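Work through the exercises below with the sequence and the model open. Try each task before reading its solution.

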Amino acid sequence: MPDAAANAWEESFVADIRAHGGRPSEGPLKGHPILFMWSVGKKSGERRRSILTYSRDGDAFVVAGSKGGSPTDPLWVANVEAHPRVTIEVANQTFEADGQVFAEGPERDRLWRQHVAELPWFGKYEEQTSRTIPTVRLVPVAK
């Protein structure tokens with residue numbers, strides 16, 4: 001059963017982000033660019049929300065499967081691999097996007113370097129784990 005206090009904190013965090021155009025007004029992520037992504041669970045088939053810090057690559061949004069430097073990828077990475085069409089909310093605008101996971105290779109490396117240049121604390125996550133942290137490009141779907 002989910003922890004009620006954690007759920008209440010998360011909903012308060014989401015409300016703060018929405019009230020401030022996509023950037024939290026307090027806490028350790030104050031002012032950072034945050035998006036919400038809904039993916040379909042690889043195993044469950046259920047819709048799942050992830051709260052992610054992002055950088056930009058042209059018109060696309062880039063998120064990293066850092067999981068705070070843990071030894072495993074966050075579950076949402078496998079969800080996007082299995083079901084690439086996601087819904088994202090950025091700065092109070094919601095739209096569909098196609099996700100592409102880059103687990104290795106030159107495009108992953110380029111996106112990772114760019115992501116760390118914009119959000120330097122992500123570099124620490126790479127030092128905390130032996131795995132290669134995947135990057136995910138979320139490309140908005142034209143209406």
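The model is predicted, so local features need pLDDT of at least 70 and side-chain atom pairs count only at pLDDT 80 or more, while totals for chains, interfaces and linings use all residues. Residues are numbered from 1 along each chain as its sequence is written, and side-chain values use heavy atoms, with hydrogens and water left out.

**Exercise 1. Give the strand order of the open sheet and name its edge strands.**

Step 1. Helices (H or I, at least four residues) and strands (E, at least two) are DSSP runs, numbered from the N terminus. Two strands pair if DSSP finds at least two bridges between them.

Step 2. The open sheet has 7 strands in the order β2-β1-β5-β6-β7-β4-β3, and the pairing is antiparallel.

Step 3. β2 and β3 (55-57) each pair on one side only, which makes them the edge strands. From one strand to the next, the twist averages 35 degrees.

Step 4. Look at one pair: β4 (residues 60-64) and β7 (residues 135-140) run antiparallel and are joined by 4 bridges. Opposite F61 stands L138 in β7.

**Exercise 2. Describe the largest pocket by its volume and its lining.**

Step 1. A pocket is an open set of points on a 1 Å grid over the protein atoms alone, where a 1.4 Å probe fits, with protein on both sides within 12 Å along at least five of seven lines; lining residues have an atom within 4 Å of a point. Points are joined across faces, edges and corners, and a volume is the space filled by probe spheres set on them.

Step 2. The volume of the largest pocket is about 460 Å³. It is lined by 19 residues, and L29, I51, L52, T53 and S66 are the closest to its centre.

Step 3. β2 gives the largest share of this lining, 5 residues.

Step 4. The lining has 12 nonpolar (Ala, Val, Leu, Ile, Met, Phe, Trp, Tyr, Cys, Pro), 3 charged (Asp, Glu, Lys, Arg) and 4 polar residues (the others, Gly among them).

Key:
Axes are lines fitted to C-alpha atoms, for helices over the stretch in contact, and angles run from 0 to 180 degrees between N-to-C directions.
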